[in-house]
Amino acid sequence: MDPILTTNILNVVYEVSTLAVVVLGLAVVFGLLGVMNLAHGEFVMIGAYCAFFVQTQNLPFLAAVPVALLVCIVLGLAVERILVRPLYARPFDTLLATWGLSMLLREGVEAVYGRGFKSVAVPLTDSIDVLGADYPSYRLLLAAVSIALVAGLVWWFVRSATGRRIRAVVNNPELAGSVGIPVTALARNTFVFGCCLAALSGVLLAPLMPVQPMLGLDFILKSFFVLVVGGLGSLVGLISGSGVIGGVESIVSAFFDRTYGYTTVLIIAILFLWLRPNGLFPRT
Amino acid sequence: MASFLGHSAALVAALAVLPQLVGEFWAYTLALYFLYAIASLGIGLCWGQAGFLPLGQAMFFGLAAYLSGLSLIHFKDSWLLLLLLPGAALAPGLLAYGIGLLVFRGRTLSGPFFAMITLALTLLAFQIANSWNDVTGGFNGLKNIPGLPGLSDFTDLYYISAVALAVCLLAIAWLRRAPAGVLWRAVAQNEQRVRFCGFAVQNVKAAVFGLSGVLAGIGGALYAPQQNLVTPQLCGFILSADLVIWAAVGGRATLYGPVVGAVLIGILTADLRDEISYWEVILAAIFIVVVLYFRQGLMGFVEPLFERLSRRRAPRALDSPARPQASGDTGFALDDVRVRMGSVSILEGLDLAIDGPGIYCLIGPNGAGKTSCFNAMTGELPVRSGHIRIFGSTRTGNAADLLSRIGVGRKFQAPSLFPDLTVAENFNIGLWGGRARLRDLLGMRSHGWTSAILREAQARFPFLAEEDRRAGDLSHGQRQILELAMVLIAEPRLILLDEPSAGLSQTETQEVIEAIRWVSGRLNASTVIVEHDMTFVRELADRIFVLHQGRLLASGTVAEIQADNRVRAVYVGASA
Amino acid sequence: MQKIYKPISRRHFVAGALGSGAAVAAPAILTGAQAAGELKMATFYALSGPGSLFGPTQTAVTKLAVDEINAGGGIGGRKVTVIPSDGGAPPAEAAKAAIRLMLRDKVDIVVGSHDSAVREAIVAALKGRVPYVYTPLYEGGECNPNVFVTADTPQQQVQPSITWLAKTLGAKSYYLIGNDYVWPRKTNEQAKKYIAAAGGKVVGEEYVPLGAPNKFEDAVTRIKAKKPDLVVITLVGGDNINFNRTFAGFGLDKSIKRISYLLEEQTLAGIGDKSSNGLYSAMSYFENEKSEANAKFKAAYRKAAGAKAPPLAMIGVDTYGGVNCAKALIEKAGGTDAAKLMAAASNLNYRTPTGTGVMTNRHVVKDMYLAECKGTSFDIVETFKAVAHGQTCS
């Protein structure tokens with residue numbers, strides 16, 4: 001196979017799979033709590049800054065994972081208690097409150113680290129030969145980890161007792177509560193879990209992007225577009241949405257350029273929002 | 001009216017003397033923030049009045065700024081500017097109106113989706129402004145834009161902005177008090193009821209959004225000659241966000257809130273950004289606190305006091321115009337109507353026909369499809385197959401607002417009205433529906449409309465004459481009766497009532513029964529009632545229809561139905 | 001007016017002849033009461049926004065220049081006071097600040113190091129009523145009255161470096177990538193001219209949006225397919241870092257050379273030593289420049305700014321020349337009269353970190369350097385003397 005074509009295909013796989021992990025966190029929270037957490041991207045950003053922090057402390061890259069999880073568990077618990085829980089009955093205000101939170105986190109990190117770009121060293125710098133194409137091994141690893149993560153979570157969701165409970169709450173929160181499922185605790189844990197997933201993506205993606213306070217904005221928009229295209233609250237929708245948004249951007253960018261890639265994604269998202277707001281795979 | 005004139009005079013005087021008090025530099029600064037404030041006023045209209053949040057207002061501000069900038073560059077000193085500059089301000093309004101029509105069309109829920117569409121659109125606008133180098137000048141923007149002919153001094157710029165702001169404020173103050181404003185607030189509270197009163201909600205919302213586009217456009221069109229430079233940031237996410245924050249902190253539902261927010265926070269930000277490194281963090285925290293605890297914003301504490309002092313309700317002295325098509329055929333027919341939701345079949349070939357005035361009751365066990373029958377008739381549920389004819393024409397899938405205008409009224413099971421509006425305003429929405437033309441909605445006279453039905457309803461239920469009470473403060477039974485009265489004052493020929501006696505006391509039930517009998521005869525209408533209370537049914541029904549599992553099981557007089565073994569079997573089966 | 005709206009406090013640093021040299025905060029209310037004869041210099045540096053990583057250097061270098069000037073008796077006998085403003089703010093905010101500085105603080109001169117959109121806004125606000133010195137590298141073409149530019153122009157960056165690289169590396173095919181705005185396009189215009197002159201060929205040219213969250217996997221894959229000898233990079237800030245890291249990540253640094261036209265010490269630190277192999281930069285200042293003047297400049301800077309001094313890099317150090325240019329202009333013109341300043345700007349000599357700049361046509365003829373990255377520092381491989389700026393302002 002043509003090595004350039006192989007490289008392009010791997011680029012698409014990389015973009016789609018890493019995007020899917022970010023969206024998964026957002027989708028789980030939206031599916032269960034009905035809360036569109038507009039600060040989701042900022043948790044990705046915080047994860048990335050944790051990777052940078054760990055590097056400045058001369059610790060190994062992977063040490064960033066527990067640091068980021070710890071930070072986001074604490075932060076997630078606080079946010080759930082202060083912002084999300086009091087506003088369950090006011091979805092519109094939740095949107096605004098989490099939007100305010102995103103500004104707060106962005107400006108807070110900026111106050112500490114400044115607007116400048118931070119760089120995190122890539123842990124694996126060699127490349128691997130895939131069907132004649134030289135592809136950077138960290139990117140390959142990241143794509144593999146992302147796919148495994150999404151697949152693992154889907155499997156867990158379908159099989160485990162907690163997964164069943166979550167599905168029960170999604171279907172009928174009142175009934176679930178009356179049969180003894182601790183709905184409040186489950187909602188809290190799900191929110192924190194979503195934040196942690198975002199932070200984990202942030203850590204893993206940090207070496208491959210300039211780390212700066214505004215980076216979350218791109219993730220939240222793209223993730224939202226994925227949910228819009230794929231449909232809210234279904235896993236098939238999540239994967240197909242990531243495929244459409246990530247894939248279209250990569251492919252259009254590969255054939256034309258980034259301006260077109262970016263604009264095409266925006267137009268697709270607007271068309272979906274307008275004409276098919278429930279996405280490709282709406283929840284029944 | 002007198003208070004409006006007094007208000008106008010005070011506003012104009014304050015804006016006129018301000019530059020003398022604060023000096024040239026602050027006059028210049030205020031001039032800029034006044035333009036932002038005008039755009040923020042538009043958010044106040046959409047979000048504070050009509051209840052939907054646009055997150056991409058900068059797109060309209062930027063569009064107007066580019067159009068105005070290009071006009072000034074290419075037609076410097078030409079008389080064409082007299083057309084082009086107002087055009088630059090109006091074009092975003094048309095765009096917004098168009099977007100509103102498309103997005104709101106056929107969609108009952110607009111909340112977050114609308115917000116996110118506008119956000120995506122503003123990002124798209126930024127991309128276009130940033131990349132279209134030949135026209136917009138790309139990242140560096142349009143430069144060396146000439147100022148408005150004949151104006152050079154900073155104080156001149158101030159007066160232009162101040163005049164624009166004053167005009168916009170006065171126009172909005174008028175609209176907020178006019179029937180249009182009441183209608184917007186009604187839309188924010190209960191879109192469904194507004195539709196069932198005969199208003200095409202999507203057009204109302206699109207009009208408000210269009211108006212907000214014009215406001216952003218006025219700001220943007222004046223920005224270009226004032227700043228002599230237009231850059232893509234004007235279309236961007238940050239300005240869009242700022243406009244929303246200003247409206248929220250200042251008080252989105254108040255008249256002056258967005259202006260106070262824009263001027264106060266804008267100036268604080270401009271001065272404090274260099275001084276306090278955490279200023280942006282503080283601002284974000286303030287915004288969160290406002291969203292959580294002070295939704296009314298700063299002016300929300302102040303303005304209602306003044307409004308209460310100045311607001312007096314117009315006396316009901318003017319008979320409303322008659323509804324068109326107030327008389328004629330009153331029959332309807334459902335022919336093999338099928339409705340499914342997901343995998344559940346709700347109506348399975350329902351046949352039902354009424355051909356003349358009278359009182360008809362729909363009964364049947366839970367899940368028989370009684371309310372669904374109403375929903376299918378009023379376009380709330382999609383009909384998969386079959387036909388619905390109302391007053392002799394095919395009306396399958398027609399929208400509720402259209403049906404209301406041809407004379408179909410509907411009362412819901414749980415009272416559906418506008419809890420934050422007064423009883424008077426609730427009545428007015430009912431009176432205006434199908435009767436008020438655009439100029440009635442913009443003028444003040446239609447506040448004083450009344451009708452014979454309204455007077456009679458108030459005579460029957462004296463609490464309905466206490467028109468300054470908030471509808472949400474009424475008891476459950478009173479709200480049921482208020483909604484019924486709202487339906488009746490629209491003088492429909494076909495009245496659909498869903499459990500009108502639910503939650504009523506014995507006496508209230510009796511009063512309602514009499515009211516229905518009275519109005520049904522008075523309007524010579526067909527009244528169809530879904531009811532469980534058999535006493536109610538026995539007293540009122542000329543004819544009864546029994547529904548079971550989405551089909552018509554039996555129909556006949558009270559006596560015939562009571563004698564029907566199939567009906568008895570269904571009820572026994574259902575209760576077993 | 002100041003009685004009604006008293007700003008909280010506006011930072012000033014008054015570097016005294018007696019030499020405390022420390023920045024002191026003075027409330028704005030005092031600025032009106034300052035000794036007559038003091039010369040007020042407003043600065044617009046990137047205190048916020050994407051360029052804010054350059055802000056600390058700009059501020060520190062300016063302070064050094066002003067301290068030196070005041071220690072030597074000021075400008076034409078007047079002590080210099082600096083009033084800083086944010087050049088990283090949106091253009092409308094910067095314009096507002098410029099108006100405030102002009103009307104309320106009555107500044108004598110403005111020195112700015114920021115992007116071109118903010119420059120346009122400031123020029124439009126000042127309308128030539130206050131002289132304005134613009135210092136960072138830019139696309140050229142700024143000829144408005146009473147504006148003086150000490151920046152590197154595309155002609156100065158591109159002509160000698162491309163010619164040298166074509167000859168020395170034997171580069172035949174070139175790939176151009178930049179952000180989509182006027183500076184990269186103007187720079188590439190020059191590049192294409194000199195690539196053609198050197199007998200080379202452009203095999204690809206692309207622009208990515210400025211301010212969008214760009215990724216470069218696709219661009220790097222395209223470059224991999226085209227196999228050029230040299231990639232000419234006019235990306236800025238985070239895009240420059242991201243592109244170069246992706247480029248090296250895909251292993252292209254082993255076979256393809258790169259030159260970036262906005263690459264100084266801070267951006268290079270962001271790119272990192274793993275990704276800088278075969279990367280060149282061409283500008284009028286590198287910290288590693290070996291002249292005696294630069295050694296003195298660096299020593300003075302370290303002494304004044306201390307151990308934690310912000311790094312010396314081109315965007316930042318440019319303000320040293322800017323402040324000294326302002327001094328030379330005012331002294332030669334004998335004041336701040338616009339016409340006299342415009343006349344004084346022809347053949348004006350002023351002090352720069354590496355020696356002397358010569359202003360003609362309100363731009364500067366200067367020495368340019370071509371440097372190759374070695375890890376995260378620059379190794380100057382060639383010096384081009386007195387390179388023409390190619391601008392024709394009257």
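**Domain and chain contacts in the predicted model**

The centres of domain 1 and domain 2 of chain B, taken over C-alpha atoms, are separated by 42 Å. The structure is a predicted model. In chain B, domain 1 spans residues 2-237 and domain 2 spans residues 332-575.

The two domains touch. Contacts link 20 residues of domain 1 of chain B with 27 residues of domain 2 of chain B. On the domain 1 side, α7 (179-189) and α8 (191-196) of chain B each supply at least two residues. The most comes from α7(B), which gives 7 residues to the side of domain 1 of chain B that touches domain 2. By residue class, this side of domain 1 divides into 12 nonpolar, 4 polar and 4 charged.

Chain C also meets chain A. Here 27 residues of chain C are in contact with 27 residues of chain A. Three elements of chain C give two or more residues each to the side that touches chain A: β10 (201-208), α6 (217-226) and α7 (237-249). The residues on this side of chain C comprise 9 nonpolar, 12 polar and 6 charged.

The largest nonpolar core holds 414 residues. Those touching the most other members are A:A199, B:I38, B:A64, B:A120, C:V110, C:I122 and C:L329. Helix α1 of chain B (residues 2-49) gives the most to this core, with 19 residues. In soluble globular proteins, nonpolar side chains tend to be buried together. Residue B:A120 has partners in chain A. Leaving aside residues up to four places away in sequence, B:A120 touches A:L266, A:A269, A:I270 and A:L273.

Terms used
Residues are numbered from 1 along each chain as its sequence is written. Chains are lettered from A and ligands numbered from 1 in the order in which they are written. This is a predicted model: local features need pLDDT of at least 70, side-chain atom pairs count only at pLDDT 80 or more; totals for chains, interfaces and linings use all residues. Domain bounds come from an automatic or database domain assignment. Two residues are in contact if their C-beta atoms, placed from the backbone, lie within 7 Å. Helices (H or I, at least four residues) and strands (E, at least two) are DSSP runs, numbered from the N terminus. Ala, Val, Leu, Ile, Met, Phe, Trp, Tyr, Cys and Pro count as nonpolar, Asp, Glu, Lys and Arg as charged, and the others, Gly among them, as polar. A nonpolar core is a set of buried Ala, Val, Leu, Ile, Met, Phe, Trp, Tyr and Cys residues joined through C-beta atoms within 7 Å. A residue is buried if 20 or more other C-beta atoms lie within 10 Å of its own, exposed if 12 or fewer, and partly exposed in between; C-beta atoms are placed from the backbone.
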